[in-house]
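Trainee: Could you show me how to read sheets and a nonpolar core in a model?

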Amino acid sequence: MRMRDKILYMLFWVGNLTLIYVFLAVTTCFCILSLSCKKNKPETQKGRINEASLSKTKIGADGAQMVLIPAGQFHMGSEDGADDEKPVHQVTLDAFYIDVNEVTVKQYKKFVSVTGHIAPNWSEVSQSARTNDHPMTGVTWDDAMAYAIWAGKRLPTEAEWEYAARGGVPSQKYPWGNQANPTLATYSVAMPTPIGSHQPNKYGLYDLAGNVYEWCLDEYEKNYYKSSPKRNPICGRNMQEFNKTFSMDRKKLKGLRVLRGGSWTSSAELIRVTSRSRFEPTAALHDFGFRCVESVQPNNQINWNADY
Ligand SMILES: [Ca+2]
């Protein structure tokens, strides 16, 4: 072989080896990046979240403790309750996180301080919510929405609230069973109690029954259960779009809003898990409070009001 041919032959192999080294380096980097992404993101299966990859608890942006409520089906409503609780119907919900407790005075003070949101009359609030660990009282639906958006959360739908309140136990009137029990909830008394003063339900949630009423996202319709969609229902003509983006002017939304759980002023009948209350969204009665939820998936990726 002549010298020129030898040099060309060597250059040919050097080039090929370089290409092989570059290919191996790129492949290794790609594998490392893929493994890193898997560690940081919940695993998905056919577009659904694999709940086994999710933390059972988390701390919200407002510092509130939250627990994961698993996706599932339940029977919503009661045949023994008021007309608006009928008929009992099956609802399917995606997984979500919910605040363990009602939003407190301390948390609401921080929200007002940071955002400049209109402050309540604190001396009036303190007549019922006497300490920072009491649930915040006297809030409108709009106040609750503003807080939830600030905290990166939203209000629970009525279905989510009832599903969480039942604690995974079907066909019970109260989070603990079928008999009213004043040692297990704050109701029919003169004052609210600090959050977490009673036993939690089986999801680890406190004060769903009684203490303060809790605003829900939905508009109120008396006959909604007769036509409720099966999956992730939200009542209200504009709510589905509203919930996707939170961009609509809240004050354009008309109609009554749902409140759940009764309060310290309520009878045992009104603190049942299926009891539905409603009021104008601008009302701020002294026993109106709230807690927040956070979907596992982004709001705009959830099939709201689906029929399957
Ligand atoms: Ca409550």
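Predicted model: local features only at pLDDT ≥ 70, side-chain atom pairs only at ≥ 80, totals over all residues.

Trainee: What is the strand order in the open sheet with mixed pairing?

Mentor: Strands (E, at least two residues) and helices (H or I, at least four) are DSSP runs, numbered from the N terminus. Two strands pair if DSSP finds at least two bridges between them. Here the order of the four strands is E10-E9-E8-E11. E10 (276-279) and E11 (288-289) are the edge strands with a single partner strand each, so one side of each lacks a neighbour in the sheet. E8 (residues 213-219) and E9 (residues 257-260) run antiparallel, joined by three bridges, and Trp215 stands opposite Leu259 in E9.

Trainee: What is the order in the sheet with antiparallel pairing?

Mentor: That open sheet of four strands reads E3-E4-E7-E12. Three bridges join E3 to E4, and Lys58 has Met66 in E4 as its bridge partner.

Trainee: Which residues have the most contacts inside the largest nonpolar core?

Mentor: Such a core is a set of buried Ala, Val, Leu, Ile, Met, Phe, Trp, Tyr and Cys residues joined through C-beta atoms within 7 Å; buried means 20 or more other C-beta atoms within 10 Å of a residue's own, with C-beta atoms placed from the backbone. The largest one has 60 residues, and those with the most contacts inside it are Ile98, Ala144, Leu155, Ala164 and Trp215.

Conventions:
Residues numbered from 1 in each chain as written. Buried ≥ 20, exposed ≤ 12 C-beta atoms within 10 Å, placed from the backbone.
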